[in-house]
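Hi,

Here's the structure I promised to pass on.

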Amino acid sequence: MKLAIFANGIISTKIGGAQKHMREVIQFLPEFYEVYFFPEPQMFGNSDIIDFQFIEFLRRKEVKISKYFLDNYDSKPVIEDIIKNYSNEMRGCNIIYDMDFQYFLDNIKFGGEISLRLSNLNNIKLAVCIQDIGDINSYFIRTFLNIIKFSRMSSRIIWFIAAAGFYNLINRKITVRRLISSKHLSLITMINTEYEKNVTINFKNIYLLSPSNAIDDKIINYKGNEKGNQIIFYARLIYQKGLFDVLYIHKKITESYNIKLKISGKFQRDFEKMEFYRIIKKLNLEDKVEYLGVLGDDDLYNELARSKLMLYPSHSDSFSISILQALFLHVPVVAYDIPGLSLYKDFKAVALVREFDINSMAIMAEKFLRTDNELFNDPNLTDFISEHTSWKYVADSHISAIDSIMGARYDSNMNKI
């Protein structure tokens with residue numbers, strides 16, 4: 001069977017959690033299908049951010065990269081030429097699988113998400129994996145109330161937070177509407193069942209990938225590291241991930257517990273970086289917060305393993321590999337109780353508190369800091385972690401879902417919602 005893959009961002013040098021997921025999964029697919037990969041139009045003319053080493057890795061794994069892209073990646077062809085040549089190259093493909101279906105504003109000039117457009121144009125079945133659409137709520141009242149709550153932490157950039165909030169709201173509604181209106185949509189895969197609390201998708205063939213994420217093998221080398229007097233927070237450093245919340249929470253913690261907060265990640269916007277340091281100064285946290293910069297995996301795992309606690313006040317998530325990594329290294333986690341993190345709610349080493357409740361976050365953090373390793377004497381957590389230690393298992397869940405609509409192999413790991 002021939003499979004046409006779209007996976008936004010996986011050949012970029014700037015990758016996040018979704019790209020990590022897709023990079024790990026795609027390498028297993030050629031064992032079962034003839035795989036053709038079509039980079040998104042945004043990658044044309046952006047050779048400075050193309051990861052050519054990963055492209056070569058995919059080719060060694062027998063993933064066929066679009067010849068048109070390889071011949072023209074350093075130019076900016078018109079979208080009609082991309083559509084025409086991609087259509088020719090995917091002729092004979094049985095299904096298009098978009099591994100992270102989104103509908104960004106800059107896609108307007110391309111006529112929408114290219115996987116959807118090519119499916120409609122070439123009458124090919126479309127399957128999509130939704131990773132980010134369900135990561136935040138898509139309801140007006142909740143969006144408005146959240147903007148007000150953000151303004152209490154960071155009034156200076158509330159103009160941006162308000163604009164981003166309503167853009168995300170409208171964007172997700174457009175995405176879902178266009179997706180389910182496709183005449184060839186055959187399958188939607190999800191990485192978390194709780195998406196329904198954030199977004200409504202009226203489509204019958206929605207499947208939960210189980211397991212839907214995994215951790216790297218090499219993290220085991222850091223298990224058992226001696227703990228230091230530190231808390232850790234790492235993520236993309238944007239307001240949606242709790243960049244400002246974590247500072248207010250740590251201020252509360254340090255009022256009764258002397259410990260340093262270490263932060264790692266990349267600032268995506270300069271004005272958020274400036275606001276971050278302004279809040280640190282306002283809260284007199286200069287000696288209590290250390291920014292580590294962007295760490296490689298080894299340095300990050302080392303810092304994580306040495307931490308007594310992980311704070312994760314994220315407002316936007318669909319799974320969080322970061323929490324999984326922390327739990328594997330016996331680092332308890334305090335996070336907001338948002339739908340994307342609900343899969344962690346039954347473990348003793350995780351405390352989920354009401355979103356924006358900074359006082360409760362601090363209280364639970366202090367409770368964990370004064371608790372020994374009995375938190376990890378939890379058979380349910382042990383079983384959960386063991387199920388999420390191999391990306392091959394994750395790939396198998398994708399393969400099972402794809403096969404279910406093609407009349408091929410069917411795997412018991414597949415769960416229908």
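Leaving aside its neighbours within four places in sequence, which residues is Q19 in contact with? They are N8, G9, I10 and D100, where contact means heavy atoms within 4.5 Å. Q19 sits in helix 1 (residues 17-26); helices here are DSSP runs of H or I with at least four residues, strands are runs of E with at least two, and both are numbered from the N terminus. Q19 is buried, at 15% relative accessibility. Buried means under 20% relative accessible area, exposed over 50%, and partly exposed in between, using a 1.4 Å probe and protein chains only.

Before you go on: this is a predicted model, so local features need pLDDT of at least 70 and side-chain atom pairs count only at pLDDT 80 or more, while totals for chains, interfaces and linings use all residues. Residues are numbered from 1 along each chain as its sequence is written, and side-chain values use heavy atoms, with hydrogens and water left out.

Now the core. A nonpolar core is a set of buried Ala, Val, Leu, Ile, Met, Phe, Trp, Tyr and Cys residues joined through side-chain atoms within 4.5 Å. The largest one has 145 residues, and those with the most contacts inside it include I5, F37 and L327. Helix 14 (residues 391-406) gives the most to this core, with seven residues. Setting aside neighbours within four places in sequence, L327 touches V333, Y344, A349, V350, F376, L381 and I385. In soluble globular proteins, nonpolar side chains tend to be buried together.

On to the cysteines. A disulfide is a pair of cysteine sulfur atoms within 2.5 Å, and by that rule the count is zero. C93 is in no disulfide, and its nearest cysteine sulfur, that of C129, is 19 Å away. C93 is buried, with a relative accessible area of 9%, and C129 is buried too, at 0%.

Lastly, K223. You'll find K223 in the loop between strand 7 (206-208) and strand 8 (230-234), and at 42% relative accessibility K223 counts as partly exposed. Beyond its neighbours within four places in sequence, K223 is in contact with F328, L329 and H330. K223 and V331 are 108 residues apart in sequence and 10.0 Å apart in space, C-alpha to C-alpha.

Cheers
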